[in-house]
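Thank you all for coming. Please have the sequence and the model open while I talk, so that you can follow each residue as I name it.

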Amino acid sequence: MTDDVNPFESLQEQIDDAAAHLDLDPGVVSHLKSPERVLETNLPVEMDDGSIEVFRAYRSQFNGARGPYKGGIRYHPAVNRDEVKALSGWMVYKCATVGIPFGGGKGGIALDPAAYSDAELERITRSFATELRPLVGVDRDVPAPDVNTGQREMNWIKDTYETLENTTEPGVITGKDISSGGSAGRVEATGRSTAIAAREAFAYLGRDVADATVAVQGYGNAGWIAAKLLEEMGATVVAASDSSGAIHSEAGFDPVAVKEHKRETGSVVGFHAADEELTNAELLQLDVDLLVPAALENAVDEDIARGVRADVISEAANGPLTPRADDVLAESDVLVVPDILANAGGVTVSYFEWVQNRQRFYWSEERVNERLEDRIVSAFDTLVEAYESHDLPSLRVAAYVVAIQRVAEATDEAGIWP
């Protein structure tokens, strides 16, 4: 039987697993497992034909002990309250893992953006930005892109906020276009950290990622960028997938050419250099050295995990493994680099963007990438140290031990008020 997993319950279980290795007051642990507040709102928006459609939207602010809430906004039919709560919690511990002075937030609208015109999406986005106005701010809550959103949507939110507040404040949101105050290197950041984390994992095992075969599940921004950068490191990308299916070639293929094919056709399926087409489940169980899950949460359940043959998994997606899958992979000695480190490049460079916006001074892409690499490598080394010194069952538990300790310390230093 496949796992039936609530992502928020998965997050809470991960926190409990790590907290068991720390000497924390049970009340503190309880506080660290739930959001501080959740906005749930309905957005009535006029469609192009004059009709009115209502969209359910959310923003969860999980924990702000270490700084302003930080996290993306996604557009997807499956967006719901528990999902954004879980994602906002993962953001708290992701920021703490890589030492960024942010808390965690997440938001989304339950819709399929492909079903709406650009004009409709702009009205939907501006309506949501208006609802977010009392909650967000450069020192309060700083949103960013996520699934099915990007620079365009962030630019709309920034403009809506600045218009309503009669101000200029590019730091209210990150992931913007360069000309609107975005940062060089932001678009590639999540895929870049996923690739760097994979490289460090292979080095930890005494191996070279240049010798690795790679399968990428999910060929959106994070997935294809990770594939491109891993190939530049010398690895061979042999499989890729999207929601339509998967392609596989023993000899490997050019990740950029696959991306171009998807741009032209809407899917990786049908790529001319592929030997065969597979299902997503079949891709996840290919005999490869490195698996990069880069789609949505809970992609790998217990049943799929039992067939995983990769030696290393670097999680580009948030929560791609269920807790039961994690247990199976730990028993199989698969080294999993957890999402709160592997895909932390996005929030890391978002932090750099926020800093640049505050200073009104912008960095070169080379400087951004160098600082990102320093953060990811340092965080990986810290995780390994915790993993070995505490004799922990996995790098995921090690990441949460490090992160929870940092958030708990910030909470204790602030005190409980009133």
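Predicted model: local features only at pLDDT ≥ 70, side-chain atom pairs only at ≥ 80, totals over all residues.

**Helix H8 and some other places in the fold**

I start with the face of helix H8 that is turned away from its buried side, where the exposed residues Arg-263 and Glu-264 sit. Exposed means over 50% relative accessible area, buried means under 20%, and partly exposed lies in between, with a 1.4 Å probe and protein chains only. Helices (H or I, at least four residues) and strands (E, at least two) are DSSP runs, numbered from the N terminus.

Residues are numbered from 1 along each chain as its sequence is written, and side-chain values use heavy atoms, with hydrogens and water left out.

Which residues of H8 are buried? In this helix, which covers residues 255–265, they are Pro-255, Val-258, His-261 and Lys-262. Because they cover an arc of only 120 degrees around the axis, they lie on the same side of H8; the arc is that of the directions from the helix axis to the C-beta atoms. Among the elements that cover these buried residues are helix H7 (221–232), strand S7 (236–242) and strand S8 (245–248).

At the N-terminal end, H8 is capped by Asp-254, which has a side-chain oxygen 3.0 Å from the backbone nitrogen of Val-256. Just after H8 comes Gly-266, with a positive phi of about 95 degrees.

Most residues other than glycine have a negative phi, and that is the background for the next two residues. Asn-166, in the loop between helix H5 (151–165) and H6, is not a glycine and yet has a positive phi near 55 degrees. Asn-298, in the loop between strand S10 (290–293) and helix H10 (302–306), also has a positive phi, of about 60 degrees. Are these two residues buried or exposed? Asn-166 is exposed, because its relative accessible area is 73%, whereas Asn-298 counts as partly exposed because its relative accessibility is 23%.

Now to helix packing, where two packed helices are described by the angle between their axes and the distance between the axes. Axes are lines fitted to C-alpha atoms, for helices over the stretch in contact, and angles run from 0 to 180 degrees between N-to-C directions. Helix H6 (residues 189–204) and helix H13 (residues 345–359) have axes that come within 7 Å and cross at roughly 125 degrees, which means that H6 is oblique to H13. For these words, angles under 35 degrees count as roughly parallel, over 145 as roughly antiparallel, 65 to 115 as roughly perpendicular and the rest as oblique. Ala-189, Thr-190 and Ser-193 of H6 make the contact with Gly-345, Gly-346 and Val-349 of H13, where contact means heavy atoms within 4.5 Å.

H6 also packs with helix H14 (residues 365–389), at an angle of about 45 degrees and with the axes 10 Å apart, so H6 is oblique to H14. The residues in this contact include Ile-196 and Tyr-204 of H6, and Phe-380 and Tyr-387 of H14.

I finish with Pro-323 in helix H11 (residues 323–331), which counts as buried because its relative accessibility is 11%.

Technical notes
Polar contact = N/O pair within 3.5 Å; in protein donor to acceptor, adjacent residues only side chain to side chain.
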